[in-house]
Amino acid sequence: MMDPGKPSFTPKKGKSCVVMFVGLQGSGKTTTCTKYAYYHQKKGFKSALVCADTFRAGAFDQLKQNATKAKIPFYGSYMESDPVKIAVEGVDRFKKENNDLIIVDTSGRHMQEAALFEEMRQVSEATKPDLVIFVMDGSIGQMAFAQSQAFKQSVPVGAVIVTKMDGHAKGGGALSAVAATKSPVIFIGTGEHMDEFEVFDVKPFVSRLLGMSDWSGFMDKIQEVVPTEQQPELLQKLSEGSFTLRLMYKQFHNILKQGSIGQVCSMLPGFSAEPVGHEKVREAKIKRYLTMMDSMTNAELDSTNPKIFNDSRALRIARGSGRSIRDVMEMLEEYKGLTICCKMKGLKIPKKGDMSALSRNMNAQHMSKFLPPQMLKMIGGMEGLQSLMKQMGSKDKMGGMFGGVGDK
Ligand SMILES: Nc1nc2c(ncn2[C@@H]2O[C@H](COP(=O)(O)OP(=O)(O)OP(=O)(O)O)[C@@H](O)[C@H]2O)c(=O)[nH]1
């Protein structure tokens, strides 16, 4: 679903490539233009920026400021009100100066404004861009299809960039944008700063989108952080389906000790939603979990039944650890996710080095428990999920994520 079947155009050095940015007002277009220019400049491209946004008064200053900071040449005008004229002049100038990558920022407005689309079409016709990038805010959700389709109908969109992925948005709208524009997502924006920009990687994106963990990766990584002498016990317990809170407590300790928080936690459901790169947030969360578990009784820590945590016990744990009931519930939810993983039918004790075998037994039924109902509906219900998992299982790059779960 994230792969439209053809790669997008990529700029080449030594050829003046023109890349035009389009998107709604406030989507992060101007910021993303600079990030894109800066990213390529660091790779040795001679980048340049053209401000063809004559609609928003501050747009030229914003681009100028960003461009100056990144030492990227820019072109724009306070006086000229015709965006087509500015775009053509800027592109011509930078072509003459042999820039490899000429980026044209266009006006962002609301969907209803037909003039925006006409203006964009004219800029595109006049500058003949090699690539048109549609910039979308990661939090727009279901509206993404209509929005991106409207842009595609006016200009030849060839790639998508999803911004603001550092917030709590999961970026589900990207699925619709890919479908509507038949173009791949190429980068994501992860902050307001110039270097908070990442090449799009489908695996962590889909994991986060589904609020689901990368079980096979998690199991492999856990093996790296669990001391060798503790591994047989862990494997035995996991295979018996008795993943207790005490076991989770020990593993979190191991993770903290080994300092592999980012890598391991990004594979867990409750942690994968944390903003990218926020190691400190994840570390604090683990410590919070450990403090709450310190307030549990032995019977609670050794139980495999999450139902023993009734409201009064949750309140007692919250009080004992100085946390809120919500925090306690959140931790128990995380724990429940892990127990489901361990209670998979027919689970065999995996051989050393093959803990990811655990996740191979997971089927669509299990998987559906992790999905928000809305997302399950969007995928096409159980049938859609089954076919999605089959596809993921059959692809090398996704296989690592689900360990071929759809084959069973
Ligand atoms: N947190 C976060 N903020 C972002 C990101 N990208 C852009 N922003 C912020 O979003 C706001 C809008 O960004 P702009 O780049 O001005 O948006 P625009 O689409 O060019 O807006 P118009 O010119 O009005 O069309 C600014 O405050 C940016 O700093 C991102 O990846 N993460």
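**Close-up views of a predicted protein model**

**Figure 1. Helices α3 and α4 in contact.** The axes of helix α3 (residues 83-96) and helix α4 (residues 114-127) come within 9 Å and cross at roughly 25°. Axes are lines fitted to C-alpha atoms, for helices over the stretch in contact, and angles run from 0 to 180 degrees between N-to-C directions. The two helices α3 and α4 are therefore roughly parallel to each other; angles under 35 degrees count as roughly parallel, over 145 as roughly antiparallel, 65 to 115 as roughly perpendicular and the rest as oblique. The crossing of α3 and α4 is right-handed, a crossing being right-handed if the near helix is turned clockwise from the far one by less than a right angle, and left-handed if anticlockwise. Pro83, Val84, Ala87, Val88 and Val91 of α3 make the contact with Glu119, Gln122, Val123, Ala126 and Thr127 of α4. Two residues are in contact if their C-beta atoms, placed from the backbone, lie within 7 Å. By class, the contact of α3 with α4 has seven nonpolar, two polar and one charged residues. Ala, Val, Leu, Ile, Met, Phe, Trp, Tyr, Cys and Pro count as nonpolar, Asp, Glu, Lys and Arg as charged, and the others, Gly among them, as polar.

The model is predicted: local features need pLDDT of at least 70, side-chain atom pairs count only at pLDDT 80 or more, and totals for chains, interfaces and linings use all residues. Residues are numbered from 1 along each chain as its sequence is written. Helices (H or I, at least four residues) and strands (E, at least two) are DSSP runs, numbered from the N terminus.

**Figure 2. Helices α1 and α2 in contact.** The axes of α1 and helix α2 (residues 59-69) come within 10 Å, crossing at roughly 25°. Helices α1 and α2 are therefore roughly parallel to each other, and α1 passes α2 in a right-handed crossing. Helix α1 contributes Thr30, Cys33 and Thr34 to the contact, and α2 contributes Ala59, Gln62, Leu63, Asn66 and Ala67. These contact residues divide into four nonpolar, four polar and no charged.

**Figure 3. The shell around the ligand.** The ligand is surrounded by 20 residues, of which the closest are Gly28, Lys29, Thr30, Gly108 and Gly189. A residue is near a molecule if its C-beta atom, placed from the backbone, lies within 6 Å of it. Helix α1 (residues 29-42) gives the most to this shell, with three residues. By class, the shell has one nonpolar, 13 polar and six charged residues.

Figure 4. Most residues other than glycine have a negative phi. Phi of Lys71, however, is near 55°, and phi of Lys128 is near 45°. Lys71 lies in the loop between α2 and β3 (74-75), whereas Lys128 is found in the loop between α4 and β5. Lys71 counts as exposed because 9 C-beta neighbours lie inside 10 Å. Lys128 is also exposed, with 9 other C-beta atoms within 10 Å. A residue is buried if 20 or more other C-beta atoms lie within 10 Å of its own, exposed if 12 or fewer, and partly exposed in between, with C-beta atoms placed from the backbone.

**Figure 5. Met143 in its loop.** Met143 is found in the loop between β5 (131-137) and α5 (144-154). With 15 C-beta neighbours inside 10 Å, Met143 counts as partly exposed. The C-alpha atoms of Met143 and Gly173 are separated by 7.3 Å, although the two residues are 30 apart along the chain.
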